Amino acid sequence: MDKNTICTIQEDADRLWWSRDPVLDGHPKRIRRFVARNTAIGPKSLGGLGNMSWKDHVIAYSYRAEWMNRYIHPAEAKWKEVLDAMLLKNKKGELKFGAGRGIFFCALTPAQKLRLLRNLPRKAHYLRACMYDHWSLQIKQNLTMTDGIKGEPLWESARYKINCDWKSRTYFINVTRVTIMTDIINRETNKPHTREGWRDWIETLHNEKVGRVKGFKKLTNRELSAKATMMEQVVSQIPQQIINEITQPDQYSPKPGDTVAMVHHEDGDEEGDAFYGIYTDTPAHGARVRLTVIDTVSKEHLTNKYKVAAGQYDIHEVALWKGKRKGDWRVIGPKNTTFPQPKGWHMKGNVEIKLDEYRINAVTKTITKVKFDPPTATEQAWQSRLNWVINFVKVWKMKSFFLTPRDSITWLKIQHRNLFTASRNDQTNGICRACGWTQENQLHLARCRIIKCYFWDKVLQLIEAVGDEIPGTASEHTEYILLGRVSDTDHTGPIGAGILALAWRALYAETVSAHIDKHNVDSGRALKRLADLLKERLVAYGEKWQSWCNVHVHTTKQSTIPLKYQERGVISQDIMGHYTINPEIQKWKDAI
Ligand SMILES: [Zn+2]
């Protein structure tokens, strides 16, 4: 999907979300949001609106960024081989990098990225977009973890930079096959190879190619010495601390049930020589490994063959890739030769991730989290106008169980200090049409003597009548009405929150019509509207659960209302879903 399409869809989505009467005509139109874009995308519990940014989602969702994770997934696939050929090899078929597919998880310079993409067909726009989306996630290695350091790439390490020309690099990677950290260590001395060691190694591997590969001539003594010296120089650029880490002995003691790799002492360096299996340790047979076969998608299958876990084999820990289903583990390889490993990564915003648990939703959430602007300014603006300390964490967490989304909007706008009132309206004189004296702003709607006395006090009576807590003193009423604060420690629960939201909706409708039709605010009408709305919502709530219970009635799958949801102040239900609306509500309405 191209950028234009993504933006058009995002625009329509915004319009559907924010406009009262959305028209999707494709003509750009200004949308009035009552919460800033980057605040609205955040979670509700932090003052956002849970408004998903589709644009961010599609970057993750269209699999674009995720393709690079699939690329390093241990399962084999033809498309990966095609990518290997296009990305990892140069025109002569030599490897460009030592890191293999893991190159996408290395700290690459712009020049290295260009080198990586050089042979990618010019029209492969989608693939290119996948890679840039992947890079835009800024996935970085957690360098404090040294768990898998032995298998990390030598040339493209995030831990240090190697200064060496491309030609020599390519030679050492392809001919000498020096690609990972442990390749520089002599297994007998457990120290980096000496110049003589490099000389022997280079000579042996070079001569293997002479006569077989075009253009390979026997090296002269001088050329050989030069190459050995150069390799020695490369190693000298690696910090001593890292040499110390990679020469640490493996400290792995397998537990029964672990998947392990068995590598023959002598040809441990050669790939493909590892046996895999499940470690067992029984008194009858001692420590042994029940061998498994790894299939093309890297799943293990048990065989009936065993090998004794001793003698000429070293037992190595295995890096596993967690699949989407429970119990689905894929074998990547012995831990000390595998890169990248699932654990030990950060992405943008310093969020910890595991490569194998990296899923679309998680990525969207993370992108959102980074962009999210908490409504701090709003919180401060409210606080500076009020007498009591407000715990905004509790404000943003308020929830009700019987409201429609539209019901909660007026109060939500109040909480976000964005309700459009007369004082902001050029078409009116801005004076409150209840008291006829003060400018009608958001604070005033809660504090106005007339509205407070004839409307809010009645609302508070109703909330008390259905058994919910209201503030102990009248001096705390403003904070309760505006933001639901009950006391220093308590915040209103779902019942009070529901009634307050409906009250704000009813009151706002009344003040707006008072300004339009130029009459005084009729509190009685607003209260009646509140009573009607409340009753309607409670009936809808009761009926919903009633029919939910009825679906499986007389069957073994009988659905019943859990005890803690049976008594909810405004409405009570029995276990079978028969409901009664609290009669206090009708009494209250009659008394208006
Ligand atoms: Zn007033």
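Trainee: Which strand is largely enclosed by the rest of the structure, and what are its partners?

Mentor: First, the ground rules. This is a predicted model; local features need pLDDT of at least 70, side-chain atom pairs count only at pLDDT 80 or more, and totals for chains, interfaces and linings use all residues. Numbering runs from 1 along each chain as its sequence is written.

The strand is β8, residues 313-322. Helices (H or I, at least four residues) and strands (E, at least two) are DSSP runs, numbered from the N terminus. Seven of the ten residues of β8 are buried, so the rest of the structure largely encloses this strand. A residue is buried if 20 or more other C-beta atoms lie within 10 Å of its own, exposed if 12 or fewer, and partly exposed in between, with C-beta atoms placed from the backbone.

Now the partners. Two strands pair if DSSP finds at least two bridges between them. Strand β4 (residues 259-264) is joined to β8 by five bridges, and the two run antiparallel. There, Val260 stands opposite Glu317. Five bridges also join β8 to β9, again antiparallel. Here Leu320 faces Val331 of β9. β8 and β9 form a hairpin, with six residues between them. In the turn, Gly327 has a positive phi of about 80°.

Follow the chain past β9 (329-334). Pro340 sits in the loop between β9 and β10. The peptide bond from Phe339 to Pro340 is cis, with omega near -10°. Most residues other than glycine have a negative phi, and most peptide bonds are trans.

Strand β10 (residues 345-347) pairs with β11 over three bridges. His346 has Glu352 of β11 as its bridge partner.

Next, helix α7, residues 125-136. At 1.5 Å a residue, its twelve residues should span 16 Å, and the end C-alpha atoms are 16 Å apart, which agrees. The expected span is 1.5 Å times one less than the number of residues. Buried in α7 are Cys130, Met131, Asp133 and His134. They cover an arc of only 160° around the axis, which puts them on the same side of α7. The arc is that of the directions from the helix axis to the C-beta atoms. Gln138 follows α7 and has a positive phi, near 50°.

Two other positive phi values sit in loops. Arg177 is not a glycine, yet its phi is about 55°. Its loop runs between α8 (166-174) and β2 (185-186). Arg177 is partly exposed, with 16 other C-beta atoms within 10 Å. Lys518 also has a positive phi, near 55°. Lys518 lies in the loop between α19 and α20. Lys518 is exposed, with 9 other C-beta atoms within 10 Å.

A nonpolar core is a set of buried Ala, Val, Leu, Ile, Met, Phe, Trp, Tyr and Cys residues joined through C-beta atoms within 7 Å. The largest has 51 residues, and Val459, Ile499, Ala503 and Leu530 touch the most other members. Among the helices that each supply at least two residues are α17 (449-465), α19 (494-517) and α20 (523-551). α19 gives the most, with twelve residues. Leaving aside neighbours within four places in sequence, Ala503 is in contact with Val459 and Leu530. Contact means C-beta atoms, placed from the backbone, within 7 Å. Apart from this core lies another, of 34 residues, including Ile72, Cys106, Ile184 and Ile353.

Last, the division of the chain. It has domain 1 (150-249), domain 2 (259-333) and domain 3 (378-536). These bounds come from an automatic or database domain assignment. The C-alpha centres of domain 2 and domain 3 lie 66 Å apart.

Conventions:
Contact = placed C-beta atoms within 7 Å.
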